[in-house]
Protein chains: 4
Amino acid sequence: MQLGLVGLGKMGANMRTRISEAGHEVVGFDPRPEVSDVASLADLVGALQAPRTVWVMVPSGEPTRSTVASLAELLEPGDTVIDGGNSRYTDDAVHAKALGDKGIGYIDCGVSGGVWGLKNGYGLMVGGSDADVERALPIFDALRPPGDRADGFVHAGPVGAGHYAKMVHNGVEYGLMHAYGEGYELLAAEPLIADVEGTLRAWTQGTVVRSWLLELLVRALQEDPGLSEISDYTTDSGEGRWTVEEAIRHSVPANVISAALFARFASRQDSGSPALKAVSALRNQFGGHSVRDSAGRSVGETGSPPA
Amino acid sequence: MQLGLVGLGKMGANMRTRISEAGHEVVGFDPRPEVSDVASLADLVGALQAPRTVWVMVPSGEPTRSTVASLAELLEPGDTVIDGGNSRYTDDAVHAKALGDKGIGYIDCGVSGGVWGLKNGYGLMVGGSDADVERALPIFDALRPPGDRADGFVHAGPVGAGHYAKMVHNGVEYGLMHAYGEGYELLAAEPLIADVEGTLRAWTQGTVVRSWLLELLVRALQEDPGLSEISDYTTDSGEGRWTVEEAIRHSVPANVISAALFARFASRQDSGSPALKAVSALRNQFGGHSVRDSAGRSVGETGSPPA
Amino acid sequence: MQLGLVGLGKMGANMRTRISEAGHEVVGFDPRPEVSDVASLADLVGALQAPRTVWVMVPSGEPTRSTVASLAELLEPGDTVIDGGNSRYTDDAVHAKALGDKGIGYIDCGVSGGVWGLKNGYGLMVGGSDADVERALPIFDALRPPGDRADGFVHAGPVGAGHYAKMVHNGVEYGLMHAYGEGYELLAAEPLIADVEGTLRAWTQGTVVRSWLLELLVRALQEDPGLSEISDYTTDSGEGRWTVEEAIRHSVPANVISAALFARFASRQDSGSPALKAVSALRNQFGGHSVRDSAGRSVGETGSPPA
Amino acid sequence: MQLGLVGLGKMGANMRTRISEAGHEVVGFDPRPEVSDVASLADLVGALQAPRTVWVMVPSGEPTRSTVASLAELLEPGDTVIDGGNSRYTDDAVHAKALGDKGIGYIDCGVSGGVWGLKNGYGLMVGGSDADVERALPIFDALRPPGDRADGFVHAGPVGAGHYAKMVHNGVEYGLMHAYGEGYELLAAEPLIADVEGTLRAWTQGTVVRSWLLELLVRALQEDPGLSEISDYTTDSGEGRWTVEEAIRHSVPANVISAALFARFASRQDSGSPALKAVSALRNQFGGHSVRDSAGRSVGETGSPPA
């Protein structure tokens, strides 16, 4: 089938390749003329035969919102828009309403797999009506891993369910990565462990903790033993935060996912943790505990009891 | 080669099968005569040709300690004992010393894979001297998954390193399982998600969070949709506790693993959390907050200011 | 001075008493005629001389919003509204705008102290313009504890700052209460401690951990030794959730406050933790671990390896 | 009464002053001749009339152990040793046995209050036999805050109970300080809060969160606004670790106290968190996420999919 694809960044470009290789015709639009097939969003719509399917693969938030708004103006009843980006699920109802008012269908699709998806296929989590999802199945089948459709694709529920599932997926991802991180740190701290990378590698087959992420961690350690080339400064893309916010909304204890999120926050406090400055100042106040000044020098015990 | 195997419980029996199928001769001893090849530990030793290799696969703690002590009496210089159970790594130096004083070698081996190891092979983490480990390699090769040895086996370091690695493995396992648990709970709490099991299944291929544990979770949900047949009461076998204790010893922040451990503790407080009783009592004291009595009835606001 | 007071519940009634005892004239309105001084909000406004000050002390959310909206209709330029409830700080800008458009001033005031405030005075955190706050100072002075104004009152910043400060106050309160709760639980678990209540009482003077909350905990234990009359079921009023949401917004690691919040969530899962059901199901799947069924019976090891 | 006091450091010297001012005779020994009343431990014992009471106030661990061992040699049946330091409670049974074998009594006493104890009195938590504790009451009464004995002193149980209570006290202290720290950090992060120090000060009277620690935090902020002179590097003296270890032993969920402990660990990782390096490396591996190199430079997206 024919697909319009808006956004040809790293993810979009890889997806175009995978969809094309499956035999579909992709017309891509990107603001960078050197990678774009057409000159404008209007041209993209003009280049597709109705009923059109347009996949939006641009940054979440304002870029996605304005693209969907433009498509609502340009498309026709019977067309379908798929938001494949990392939008917050609360945007989906808004998009579905704006498009639905004009007879245009809407699907939200969470896409996982990163740069490896080109080769392995992407895990897909989809929200929308049965009819809309049915129509787009050939594209989903092109993108997902080969094999049983249910192992890499789900129609999780109505509009919003796809991005909700992807959000939770990413929250779980935070927890998994941090669990491996703590294990790595502990192995590296213990003198008995002469071969940290080899130990992690030995976990990749047969063990209970084997996973794709673990294989990637071994790969990273092979490329950079001791991870000496990398900083611990770790950003977050929003979905971990949203997951914890949803946990709060649903009264779900999310101790593991929130701990992983907060550790990233802490990693970015380049001038130190204000909370721990307060703790250190308190210990100094009630006395008996040496502290460091802001230059890192030990300043001894300066707690001053009242005169 | 020949192997003496002490302990033919679920793990031991499966391992015997796997080792035998690889062409080795296994003489097994178990206190239950109906499953044992010999009548006593002494008979086991007598049935093996020197230099002997005896694999101990009994519960950690006292049972393992007393088995090793008996073997120290029965074996001869040049023989080797392998502790394949979940012993605390601090036991290993003791065992190595007691055996080494008599010229007997010692290897500690962490074994992961559970009941699936029979079919898939077991992940092995080994501590000991090069010579001792070298001599036992045929057995390790029989037990580990097929393919590259380094993907399911590691000689992690000197005596103790194998159990240390297994302990950390299990700590990581706690974190991974709880991360999936939180994700499952959140998906199940959200009405948009019409197909929780299908969503988790769709994560098993292509996504960043794919893993063997995730496949098992899908399997569990297929067998018992909604997990309605299972209690949340979750035991722990010791290695999670030891991992957090090691984290404390090495000053490693283990927020994720400890959160997973503490959640298990909380699941076993059948008469409620004393800490939260204290919190609830406090809220009642300063007033304005209704509480429940021990029978679960709301008893309104009973906070009593001073007369 | 004269004050209109909307809401004569537990907090409002106590505050009326304290303000009246300080020599001010309070005209109170409450939907329950038996406690109200006037028949309607309009009558309340009619009973006050301009420039009026009206303190709103009703539940946060819709009740406060509709009260403020009504007052915007009834009051005159130069009057002032004070929201003393536990509103989310994001409501304050909305209220200030709606009132300000009509020339009416607005102050948000966080009030802490519970039922003890009547006797001890209330801690007050205020947001608003200098002029508005200055005009209401006599009321704040009547409500706050005696002594130095700065020890129980702060003009923390512009509109919103008062409720923001109160929200953080409550978040901290969650953390403090849970820290004491954990300490209580640990003392109660240790056989060496023959006198748990006495130990906590001994902490109330001289120690680093002495506080008013600790005194309340001792009081609760004196009234109900062992806290046997109370359930661990613990509700939350919203401000703990908001605090964690703000921590996420500001990238502040809030491990302690979120742990205290999540523990309350867990205490309300009357049919068990879905996350731990998943963990327990996983342990059962990979085998070797007995689990409990939903009726709490041990069902042994049912993990089923593949055929 | 007469008291021998071993250790005249900051705490010991203050305690000597307070005990002397209560009318007791203190003979102090310290290895620094300029502050010591006697030349040796033997001289100290010689200077006291039987039955003697000797208070040991030296660093926990080896120094305390060797002092107690020496006293076991020097003292006579009927004498009593009090360990007032921060010993781990597991040392107490050992000390009590060694001394008891010679007819010498033993009391463990946790002391809280820091440099302020000289003025305010110290909170005391005591373990030992009724007879031993009874005999030492005059000293405890001199040290504790004035007023009701039960508000600053407890005979918590048999030998070990005093240090156990002090250990838990310190664990709670970790949680309390970190809760305030998180609140401080959040207030400082929010632009609406124009007066962070004033807000915390306003919490010191009337509010639910008022406490001595809060007063110290305000004092610290008055001395060093913004805490700009202090590093977040925060040490720990052992009792927080022991508290979490005890929580593990008793299966008590200690999420708050452990989070506070782990935050201190993290504050001391001067070359960054290995766990977060692993997380960052993983994000880089699966692509799409820019990372920082070890010098802090953004190195863009270097994730390399397979060829």
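The contact between chain A and chain B takes 73 residues from chain A and 73 residues from chain B, contact meaning heavy atoms within 4.5 Å. The model is predicted: local features need pLDDT of at least 70, side-chain atom pairs count only at pLDDT 80 or more, and totals for chains, interfaces and linings use all residues. Residues are numbered from 1 along each chain as its sequence is written, chains are lettered from A and ligands numbered from 1 in the order in which they are written, and side-chain values use heavy atoms, with hydrogens and water left out.

Chain A and chain B bury about 5,800 Å² between them. Buried area is the accessible area (1.4 Å probe) that two parts lose on being put together, summed over both. Carbon and sulfur atoms account for 69% of the area buried between chain A and chain B. On the side of chain A, L186(A), L192(A) and V208(A) supply 12% of the area buried against chain B, more than any other three residues.

Chain A and chain B are joined by 6 salt bridges. A salt bridge is a side-chain nitrogen of Lys or Arg within 4 Å of a carboxyl oxygen of Asp or Glu. R201(A) pairs in this way with D151(B), and their closest N and O atoms are 2.7 Å apart. There are also 28 residue pairs in polar contact between chain A and chain B, both residues being at pLDDT 80 or more. A polar contact is a pair of N or O atoms within 3.5 Å; within protein, one must be able to donate a hydrogen and the other to accept it, and residues adjacent in sequence count only if both atoms are side-chain atoms.

Several elements of chain A give two or more residues to the side that touches chain B: β6 (123-127), β7 (153-157), α7 (161-189), α8 (196-202), α9 (212-223), α10 (239-249) and α11 (255-267). Helices (H or I, at least four residues) and strands (E, at least two) are DSSP runs, numbered from the N terminus. The largest share of this side of chain A, 18 residues, comes from α7(A). By class, the side of chain A that touches chain B has 40 nonpolar, 22 polar and 11 charged residues. Here Ala, Val, Leu, Ile, Met, Phe, Trp, Tyr, Cys and Pro count as nonpolar, Asp, Glu, Lys and Arg as charged, and the others, Gly among them, as polar.

A rotation of 180° with 0.0 Å of shift along its axis superposes chain A on chain B, with an RMSD of 0.0 Å. Copies are superposed by least squares on the C-alpha atoms of residues with pLDDT of at least 70 in both. In chain A, the C-alpha of S211(A) is the nearest to the axis, 2.0 Å from it. The same surface serves both copies, and 100% of the contact residues of chain A recur in chain B.

Chain B also meets chain C. In this contact, 63 residues of chain C touch 63 residues of chain B. The two chains bury about 5,700 Å² between them, 62% of it on carbon and sulfur atoms. The interface of chain C and chain B has 0 salt bridges. It has 18 residue pairs in polar contact, both at pLDDT 80 or more. At least two residues of the side of chain C come from each of α7 (161-189), α9 (212-223), α11 (255-267) and α12 (274-286). The most, 12 residues, come from α12(C). The side of chain C that touches chain B divides into 24 nonpolar, 22 polar and 17 charged residues.

Chain C superposes on chain B by a rotation of 180° with 0.0 Å of shift along its axis (RMSD 0.0 Å). The two copies are thus related as by a two-fold rotation axis. The same surface serves both, with 100% of the contact residues of chain C recurring in chain B.

Within chain A, domain 1 spans 2-157 and domain 2 spans 166-299, the bounds coming from an automatic or database domain assignment. Their C-alpha centres lie 34 Å apart. The contact takes 12 residues from domain 1 and 10 residues from domain 2 of chain A. The area buried between these domains is about 970 Å². R88(A), Y89(A) and W116(A) lose the most area in domain 1, together 54% of what that side buries. The count between the two domains is 1 salt bridge. E245(A) forms a salt bridge with R88(A), the closest N and O atoms being 2.5 Å apart.
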